[in-house]
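Please look over the structure shown here before reading on. The report is written for someone who is meeting it for the first time.

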Amino acid sequence: PDECRHNEAMAAGVALRNFPGLSYQGVLIRVAGQAVAFSIFSSLTPDMAALNFMKADRAYRGLSEIIHQETAKAVCAAGFTQFNLEEDWDIPGLRENKASYMPTEKLPSCILQLKE
């Protein structure tokens, strides 16, 4: 999981730096002018959005739930009827959280690794 988290952080940085040129949409939450949570999603199919990244500052209790709610609202407002929350990294708490949204199905996932 540490390598996955490192790779995700690098990918999120690339996505944020290139956000204007990509077909991403997202939500940003600020407190006192400081960014404390963000999400990035994209179209997976015409009806389904995929959550690519979601981060929230753990110093703010309840912020993870708020960014989830606001992202779901943004996904609906963008015209999507389904929302893929993607990988749970086999982290029990994350898996339980995602299961609490009552998914219509759970698909297997895999990790792609760049060959050098």
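This is a predicted model: local features need pLDDT of at least 70, side-chain atom pairs count only at pLDDT 80 or more; totals for chains, interfaces and linings use all residues.

Four strands form an open sheet in the order β1-β2-β3-β4, and the pairing among them is mixed. Strands β1 (25–31) and β4 (82–84) stand at the edges, where each has a single partner strand, so one side of each is left without a neighbour in the sheet. On average, neighbouring strands of this sheet are turned by 25° against each other, if direction is ignored.

The pairing of β3, which covers residues 48–56, with β4 is parallel and is made by three bridges. Within this part of the sheet, Ala49 stands opposite Phe83 of β4.

## The helices

Helix α1, formed by residues 2–17, lies across β2 (34–43) and β3, and its direction makes an angle of about 110° with β3. Helix α2, formed by residues 63–77, lies across β1, β2, β3 and β4, and runs at about 40° to β2.

When residues up to four places away in sequence are not counted, Asp57 touches Val36 and Leu63. Between Asp57 and Phe38 there is a separation of 19 residues in sequence, while their C-alpha atoms are 9.4 Å apart in space.

How values were computed:
Residues are numbered from 1 along each chain as its sequence is written. Side-chain values use heavy atoms; hydrogens and water are left out. Two strands pair if DSSP finds at least two bridges between them. Helices (H or I, at least four residues) and strands (E, at least two) are DSSP runs, numbered from the N terminus. Axes are lines fitted to C-alpha atoms, for helices over the stretch in contact, and angles run from 0 to 180 degrees between N-to-C directions. Contact means heavy atoms within 4.5 Å.
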